[in-house]
Amino acid sequence: MDTNGNADGKNDYLQIREVFKVYGGGGGVRSVSVGVGRGDMLVLLGPSGCGKTTLLRAIAGLAEVDSGTVSVGGDDITRAPTHRRNVGMVFQTWALFPHMTVAKNVGYGLRMQGVDRAEIDERVATALAMVRMDQFADRKPKQLSGGQQQRVALARAIVTQPRVLLLDEPLSSLDYRIRVSLRSELRRLQKSLGVTGVYVTHDYSEALALGDRIAVMRDGVIVELGTPREIFVRPRHRYTAEFLNVGNLLQCRQVDASDDVVRVEVLGQTISLERDGATTGPVEWLCLPHRAARIGGPGQRLTGRLSEVEYEAGGAVCTVMLDDAGVEIVCHQELDADTTLEVGGSVQVSLDLSEAFPVLDEPTAGAMLREQMTVEEIGS
Amino acid sequence: MRAKRISIYNMVVSVVLIAPLIVAVVVAFNPGEYMLFPPDGFSFVWFAAVLGNEAFMSSLLFSVQVALIVMVLGLAIGVPAAVALVRNRGTALTMTRFAVLGPLVVPEILLALGMLILFTSGLGIGGGLLPMVLGHTIIALPLSVQVLAAGLAQIDAALESAAWTLGASRTRAFLTVTLPQALPAILGSAVFTFIVSFDNINISLFLAKPGEVTLPIQMYEYLGFRADPTVAAMSAMLVGLGLIAFIIASRLGAVKHIDRVGGM
């Protein structure tokens, strides 16, 4: 159900339906369906080996799908060779042609399309100006910094006015600061051009910053699909909550359930949760957003031992081992002059359990499917 | 201390390697009938003699002709084979690897014998240019493919993918993106193939036709009945030409790929 989300929209510009691409080693994607509206950016988010790059390569035609369809603007391109798809792609290594100047690199796609020389020059200049690289037109890629090469790669990918722009972790090999500044630039550019995009990353902050929608992937399937806000504020799956570091995950026991209210026992307290549509079956895990856990703070407090403190911008990340429950709680703590954080010391943690929401912890469809397939393989 | 010891070692090895060349070159300047070392004078008479020697000149021409054809043929087969080696997987690849590297581990003299029998009684083409070209190509191919594969392996496969996404067909992407970057390796392989063919004596000995022999055989046969410095003069000129070719090739970046193969 989550796998399809609202991807069924027949009007989506880019449509991926029931795509399978399984590799011998077990990687790949299984039965993935997702759509991207015109001018939107879909981010495929997940750890390495989750199938996000495979899916991107399937859209580009660099990986031939086993079954399923890929269509853009209503045209089925599943079997079209890469060079007839009119996609723009930015590679992880940027893949600039080392024997060509920046201008020649950017103009390559236009030359392949047979655009006449004067127009090529003009469009290359415009594209380079867009990424603020017009000063470097005559340089060779080797003479540029990583961030500059990345901009050139982007200019090269958009100058042909592709129907879909594909980005394969284009920022992952850059320094943090450049990464952050480039990603907002990328977002602005993508929006101003109105180009439909698919962006692959393992970095959730990048996903939240760039995506109109985020598909969280695991084991070759989409676990959860939604807007950054939906995914981050109210993830449905334990996996998503964990991967996006949304909050503390607490195991609980369901004691009572009616049609619209579920009562669960957690950390020695019984709380009521509103049952929402997506959740079926007994509630076993709760996600408590980080803001709901504080050292000190109002309300009922639990005693624990501070086991780790990690300072970061605007505060500290504190890990507390609760004495009674034997559960670790992570608090994002604002620092002020009064607070002393001593590792190994006893602290009082207040948890606002009314903020907690249930999350699913079930094996993904992919994992189940793979198990099934393994059984079949053994059987045959 | 350590660095110094290595450099002495290097010097000794270099001298051992170069000494025979130096002797051959120096001996060529003897004015007399004998290959004396050190020479008892200085003259160019034997250079003039070799240039005027019809047998030497025609074998030189024949050797160059064979080597050039082998070079072209070697590239025509070697480039696709190297691409297959570097970019593909599977059984076809294993077979290519065997076919291409096989001749490297088989004694050349056995190959020569096999070729002789195959070409004369099997195919009925006897000795001469065609069998010579085929024979040399077979022994040059393993090395030339290694040089090419080493060069191609340096090229990021994503470059070709990038060209495809930009609208280039497979062929066009290969020609406009991969090939220009493989050029030094291709050049290196070409030089290498030429040398392997030009240098060869085992295969040539078996496949040569009377009156149509390659230069190394001509030189060897000449030494059998005359010991004057003609052969040395020929060698000196070849060393000179070889040196020029090497310098040009290394300027074009072709030598590093051969180097890399040496280190494998």
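Reader: What distance separates the centres of domain 1 and domain 2 of chain A?

Author: This is a predicted model. Chain A is divided into domain 1, residues 14–233, and domain 2, residues 240–359. Taken over C-alpha atoms, the centres of domain 1 of chain A and domain 2 of chain A are separated by 38 Å.

Reader: How many residues does each of the two domains of chain A bring to their contact, and which elements supply the domain 1 side?

Author: Domain 1 of chain A gives six residues to the contact and domain 2 of chain A gives four residues. On the side of domain 1 of chain A that touches domain 2 of chain A, at least two residues each come from β10 (221–226) and α7 (228–233) of chain A. The residues of that side divide into five nonpolar, no polar and one charged. The counts asked for are six residues and four residues, and the elements include β10 and α7 of chain A.

Reader: Why do the buried residues of α5(A) lie on the same side of the helix?

Author: The buried residues of α5(A) are A:Leu182, A:Arg183, A:Leu186 and A:Gln190. They are on the same side of α5(A) because they cover an arc of only 110 degrees around the axis. The face turned away from that buried side carries the exposed residues A:Arg177, A:Ser184, A:Arg188 and A:Ser192.

Reader: What span should helix α5 of chain A have, and how far apart are its end C-alpha atoms?

Author: Helix α5 of chain A covers residues 176–193, which is 18 residues. At 1.5 Å a residue the helix should span 26 Å, and this agrees with the distance between its end C-alpha atoms, 26 Å.

Reader: Is A:Glu18 buried or exposed?

Author: A:Glu18 is in strand β1 (residues 14–22) of chain A, and its phi is near 50 degrees, a positive value in a residue other than glycine. Most residues other than glycine have a negative phi. A:Glu18 has 12 C-beta neighbours inside 10 Å, so it counts as exposed.

Reader: How does A:Ser31 count by its C-beta neighbours, and what is its phi?

Author: A:Ser31 is found in strand β2 (residues 28–36) of chain A. Because A:Ser31 has 17 C-beta neighbours inside 10 Å, it counts as partly exposed. Its phi is positive, near 50 degrees.

Reader: Which residues does a cis peptide bond join in chain B?

Author: B:Pro38 lies in the loop between α1 (2–27) and α2 (45–52) of chain B. Most peptide bonds are trans. Here omega is about -5 degrees, and the cis bond joins B:Phe37 and B:Pro38.

Methods. Residues numbered from 1 in each chain as written. Chains lettered and ligands numbered in written order. Predicted model: local features only at pLDDT ≥ 70, side-chain atom pairs only at ≥ 80, totals over all residues. Helix = DSSP H or I, 4+ residues; strand = E, 2+ residues; numbered from the N terminus. Buried ≥ 20, exposed ≤ 12 C-beta atoms within 10 Å, placed from the backbone. Expected span 1.5 Å × (residues − 1). Arc of directions from axis to C-beta. Domains from an automatic or database assignment. Contact = placed C-beta atoms within 7 Å. Nonpolar A, V, L, I, M, F, W, Y, C, P; charged D, E, K, R; others polar.
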